[in-house]
Amino acid sequence: MGLFSTTALARILTVATMAASSSVALAQVAPTQPANTQETAPHAAEQANPQNVGIGEVVVTAQKRSQRLQDVPVAVQVVTGDQLQAQGVRQFSDLTKATPSLLIRPSEQPVNNSVSVRGIGTFAFSPSVEPSVAVQIDDVPVQFLARAFADLSDIERIEVLRGPQSTLYGRSASAGLINIVTQGPSSRLTGRISGLATTDDEYSVNAALSGPLTSNLGFRVSGNYDKFNGNVRNLFNGDKVNGFRTLSLRGKLVWDPTSTLNITLQGGYIDGKTTIGRPFIRVSPDARLRGVAAYGPSVFAPGVTFSEDNRDVVNNINSGTDYSDYSASLRASLDLGFASLMSITAYDKFRQFDILDQDESAIAALDNRQFGTFRTHSWSQEFRLVSPSRNAFRYTLGLFYSDLELSRVFQRGPYFSVANWYATNGTRQYAAFGQLEYDLPTGTTLIGGLRVGKGKIDYTFIDHANGDAKFAGADTENYETYKAGLQQRITPDIMGFLTFATGHKGQAYDIGTGFNLLRQQSGPVQPETSKDWQVGLKSQWFDRRLTLNVTLFDTRFKNFQAQGIETLADGTINFRLANVGRLRTRGVEIEGGLRVANDLNFSGGVTYDDATITSFPFAQCYPGQTAAQGCSGSPARQNLAGFRPAQAPEWKAAFNADYTPHLTRSLDGLVQVAYSYQSKINFSISQDPQSVQPGYGILNLSAGVRQPDRRWEIVAFVNNLFNKHYFSNIANSRGNQGNALATQSYLPRDYRRYAGVRASYNF
């Protein structure tokens, strides 16, 4: 399987040895954080709490049934709501700081954001391309990934599943899955209101009300409003940009008409807005906007001091996005005795308008802009039959259908790179899946899973800028993924597992970078597939006060989908989305937690990832790359075999500590420390030296007081205590500046140190 070869093995074994000798520090899931104990619904067989769950242990649904985290033969990490607060996570993209194997790269708009697990993600501009990392919210798959970036509030826990999850979760989980679980109704009438204010003018308020309406009907309603003007200054008008505003509302009804039937109805609304500002951090004196001699740096960016610390832009267009989302789902679960039968029906409607100042200056003669609207409508239906967790022979069987319809209006101009087109894309999926588990008397569990699916895709593309040229096409594919494994219970608190799984990401048409007859004739991009080996050990020690989990992984990707160069049907070469190579990622993940006392806990995790491009013969050259640097041919191209993929740090870690001592009979203290580290990465798969982010670490501190029953709480915090400046993305704009050095940055929310206060009251 290749994991036990080369010098990478020595590094992996060194990390594992260090973890064994210093397991207090290497942890990720705090064993003291309980699951939601106030949920009213019995949730039938597949949702019933598993056997032998102790107080403060985490229950997950990573295998579509409730299980103790320590009993799941899957590399899964859990981040609770309290941990999200300690890490300063309020936006989806902030999850990067809390999860060592996960990296989220923002872009000009959420549609182009990318999510990577173990260094593997989707690096493409087309909205019709499936992500490599799927997102699921309350058992409902997010079919259009931009929707996932819209809101992250009222969260119970987030489960990050690493490695292919295609057998249980479908085609968009070829590298991993993010499973988001929101809070459910409580058994008695409760409410919460909380707020946050920061020194750099972020303000948020959220509230929830939950409880029973009748003896068998519970409800929960929640709302969240968060506004941050931004941390970039637009010198053109004095506005702050690179900020956001989010309003989200969610409601749940949980009804138990009988002792065996549970029905959950859920609805949500999101209204949001983002602004964009990309400061120039490196600019040559020879730079000339669009090659015009009169438009040097002092003209296209007057008043800007170019440096790594620059936070100023000069844009005469208010760039950003304006989006809204409506969602609804109906979940019914019937306990048949021998199994639980579940139906999950979901609908989502998403709309986003985006606009970008493409020349990124205030020069009227080159006032170029691009703008457009995304609209999506999606349906999904899943039927699932799940046997009780207590049985020696267990099964999860299901049928799945989804339908996503997307439309895109896009215009760019009027001075350069003129474009005007309308495109649609449809994606339908049909699948049957199942996973079987059988416990042998020796403590061994045999695991087998299979998914058989069919995908249909279609598109239309009308190019208004070229005489209303129209293109249309459709295609279908059949696919299978499977999983096989062994799980060995060594002691009641020590478990090992070995699994092999395959992943599949469906074929796609590239409608995000223009279209023409040659692209139509070349057909869709072929599916991306993966093969994954994992060896894991999950253990608890000292009356389950210490948790230590270790996973070794080796995953190979074939027909990797990315923007690149492809030879088309007539022999010419064109830049487009294509199957451009193979990748391999292997390494070790270590996580766990230590409960020193009831009021003192440590948790954390570390990932070592040896990610390598093994075949990529016709990759794009980076801007300014010369023949001596490996760029040759016509059009120019390079061979990237042996290089690291984009956004694939070799090391990534996250650590947490919380101390809640009793100060008086009616008052507790609270101290939280959260630290995250990431080694060097390149944001560009082309290995552009201008898009390298050096390694960095971020430390957050929180301190406050609260009542022992947490009726009220007030906490002061400082995020990015040491004021470490880093970038969440970097763009090379050399081509827009007369082929001279010009590099722009994307600033994260915590680019600068900031402080704040958060407070909550529960009733």
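This is a predicted model: local features need pLDDT of at least 70, side-chain atom pairs count only at pLDDT 80 or more; totals for chains, interfaces and linings use all residues.
Residues are numbered from 1 along each chain as its sequence is written, and side-chain values use heavy atoms, with hydrogens and water left out.

What does R408 pair with in a salt bridge? The partner is D354, and the closest N and O atoms are 2.9 Å apart; a salt bridge here is a side-chain nitrogen of Lys or Arg within 4 Å of a carboxyl oxygen of Asp or Glu. R408 lies in strand 23 (residues 393–413) and D354 in strand 21 (residues 340–357), so the pair ties together parts that are 54 residues apart in sequence. When I say strand, I mean a DSSP run of E with at least two residues, numbered from the N terminus. D354 also counts as buried, at 5% relative accessibility.

In general, side chains of opposite charge can pair when their charged atoms come close. This structure holds 37 salt bridges, and another of them joins the side chains of E589 and R118, at 2.8 Å from N to O. Because E589 lies in strand 30 (residues 573–597) and R118 in the loop between strand 5 (114–117) and strand 6 (120–121), this pair ties together parts that are 471 residues apart in sequence. E589 is buried with a relative accessible area of 0%, and R118 is buried as well, at 3%.

A further salt bridge links R544 and D493, with 2.8 Å between the closest N and O atoms. Are these two residues buried or partly exposed? R544 is partly exposed at 21% relative accessible area, and D493 is partly exposed at 22%. There is also a network, in which salt bridges that share partners join K64, D139, R331, E382 and R384.

Turning to cysteines, the structure holds one disulfide, meaning a pair of cysteine sulfur atoms within 2.5 Å. This disulfide joins C621 to C631, with 2.1 Å from S to S. Both cysteines lie in the loop between strand 31 (600–615) and strand 32 (651–659), so the link ties together parts that are 10 residues apart in sequence. The link of C621 and C631 is right-handed, with 100° about the S-S bond, and C621 and C631 are both buried.

Next comes a sheet: an open one of three strands, in the order 4-5-6, with antiparallel pairing. Two strands pair if DSSP finds at least two bridges between them, and strand 4 and strand 5 pair over four bridges. One of the residues involved is L102, whose bridge partner in strand 5 is V117.

Finally, consider the nonpolar core, a set of buried Ala, Val, Leu, Ile, Met, Phe, Trp, Tyr and Cys residues joined through side-chain atoms within 4.5 Å. Of the 37 residues in the largest such core, F92, L95, V115, V135, I158, I178 and I180 touch the most other members. Taking I180 as an example, and leaving aside its neighbours within four places in sequence, its contacts (heavy atoms within 4.5 Å) include F92, V135, L152 and I158.

Methods:
Buried means under 20% relative accessible area, exposed over 50%, partly exposed in between (1.4 Å probe, protein chains only).
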